[in-house]
Amino acid sequence: MTQSANFPLLAGTAPLYPGDAVAALILVEGSGYLMQLRDSRPDIWYPGHWGLFGGGVEPGEDPLMALARELKEELELELHAPEFFAEFHFDLRELKLERYFRRFYIVPISHAVATRLVLHEGAEMQIFAGESILREPRVTPYDSFALFLHYSRHRLAPKGACGIRN
C-alpha cells in the first residue's frame with residue numbers, strides 16, 4: 001500500500017471537474033453548523049473531509065434552484081428562505097480552465113427539522129459548534145473559510161477602516 005492510499009485527496013488519478021457551486025451554512029438553532037463528512041473516494045473533491053452541504057450548479061440552473069435541488073437530494077431538506085452570505089471566485093484561466101464561483105447561503109433549521117433529515121450523500125453528518133468545526137483538521141478549505149467568516153463576522157472591519165496595531 002502506498003503512502004498516498006491513506007490520503008484519498010492525493011490518491012486519485014481520475015479527472016476532477018471544477019465548476020460553479022453552491023453551499024449551505026445550515027444553522028441548527030442554538031447548536032451550530034450541520035456538516036457532511038465527505039466519502040473517502042479519490043474521484044471527488046476533498047474526500048474524507050468535513051464540508052457544507054451543497055454541490056454543483058447545472059448548466060442553465062439558477063444558484064438557488066441548485067441549492068434547493070442539492071439539499072433535497074442530500075438530506076431530504078426543503079429549502080425555506082435561504083439568505084445569501086458570501087461568494088468566492090476562482091480564476092483558473094492559467095490552468096486552461098475558466099472562472100468559477102462558490103456561493104454560500106445561510107439556511108437556519110430547527111432541532112425538529114434536523115432530526116428528520118435523511119443522509120443520502122456522504123459518510124456521516126454531524127452538528128458542530130463554530131469553534132469545534134474551526135479546530136477540525138480536515139475541512140474543505142473553501143468551506144472552512146466561509147465558516148470562519150460567518151463565525152467571526154463580528155471581527156470583520158469595513159474597507160478603509162484602520163485597525164493596524166503594534
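The model is predicted, so local features need pLDDT of at least 70, side-chain atom pairs count only at pLDDT 80 or more, and totals for chains, interfaces and linings use all residues. Residues are numbered from 1 along each chain as its sequence is written, and side-chain values use heavy atoms, with hydrogens and water left out. The protein chain has 5 helices and 7 strands.

**Fold and dimensions**

- Along the sequence, the elements run α-β-β-β-β-α-β-β-α-β-α-α.
- Helices (H or I, at least four residues) and strands (E, at least two) are DSSP runs, numbered from the N terminus.
- Taken along the principal axes, the C-alpha atoms fill a box of roughly 50 × 45 × 35 Å.
- Of the contacts between residues at least 6 apart in sequence, 65% join residues at least 24 apart. Contact means heavy atoms within 4.5 Å.

**Surface and charge**

- Buried residues account for 37% of the 166 in the protein chain. Buried means under 20% relative accessible area, exposed means over 50%, and partly exposed lies in between (1.4 Å probe, protein chains only).
- The protein chain exposes about 10300 Å², and carbon and sulfur atoms supply 54% of this area. Accessible areas come from the Shrake-Rupley method with a 1.4 Å probe; for residues, only the protein chains shown count as cover.
- There are 16 positive and 22 negative charges, and their mean positions are 8 Å apart. Lys and Arg count as positive, Asp and Glu as negative; His and the chain ends are not counted. Each charge is placed at NZ of Lys, CZ of Arg, CG of Asp or CD of Glu.

**Nonpolar cores**

- The largest nonpolar core holds 19 residues; Ile-26, Leu-67, Leu-71, Leu-77, Val-107 and Ile-109 touch the most other members. Strand 1 (21-28), helix 2 (63-75) and strand 6 (99-109) are the elements that give two or more residues to this core.
- Apart from this core lies another, of 18 residues, among them Met-35, Ala-86, Phe-104 and Leu-149.
- A nonpolar core is a set of buried Ala, Val, Leu, Ile, Met, Phe, Trp, Tyr and Cys residues joined through side-chain atoms within 4.5 Å.
- Not counting residues up to four places away in sequence, Ile-109 touches Ile-26, Leu-27, Val-28, Glu-29, Leu-77, Ala-114 and Leu-117.

- Gln-36 is found in strand 2 (residues 32-37). Its relative accessible area is 4%, so Gln-36 is buried. Leaving aside neighbours within four places in sequence, Gln-36 has contacts that include His-49, Trp-50, Glu-74, Glu-121 and Glu-124.
- Arg-69 lies in helix 2. At 18% relative accessible area, Arg-69 counts as buried. Beyond neighbours within four places in sequence, Arg-69 is in contact with Gly-56, Glu-58 and Glu-61.

**Partly exposed residues**

- Gly-56 sits in strand 4 (residues 53-56). Its relative accessible area is 35%, so Gly-56 is partly exposed. Not counting residues up to four places away in sequence, Gly-56 touches Asp-20, Ala-21, Glu-61, Ala-66, Arg-69 and Glu-70.
- Asp-43 is in the loop between strand 2 and strand 3 (50-51). Asp-43 is partly exposed at 38% relative accessible area. Leaving aside neighbours within four places in sequence, Asp-43 is in contact with Ala-14 and Leu-16. Asp-43 and His-80 are 37 residues apart along the chain, and their C-alpha atoms are separated by 32 Å.

**Exposed residues and positive phi**

- Most residues other than glycine have a negative phi.
- Ala-81 has a positive phi, near 50°. Ala-81 lies in the loop between helix 2 and strand 5 (83-91). At 67% relative accessibility, Ala-81 is exposed.
- Lys-96 has a positive phi, near 65°. Lys-96 is in the loop between strand 5 and strand 6. Its relative accessible area is 73%, so Lys-96 is exposed.
- Thr-115 lies in helix 3 (residues 111-116). Thr-115 is exposed, with a relative accessible area of 66%. The C-alpha atoms of Thr-115 and Pro-47 are separated by 25 Å.
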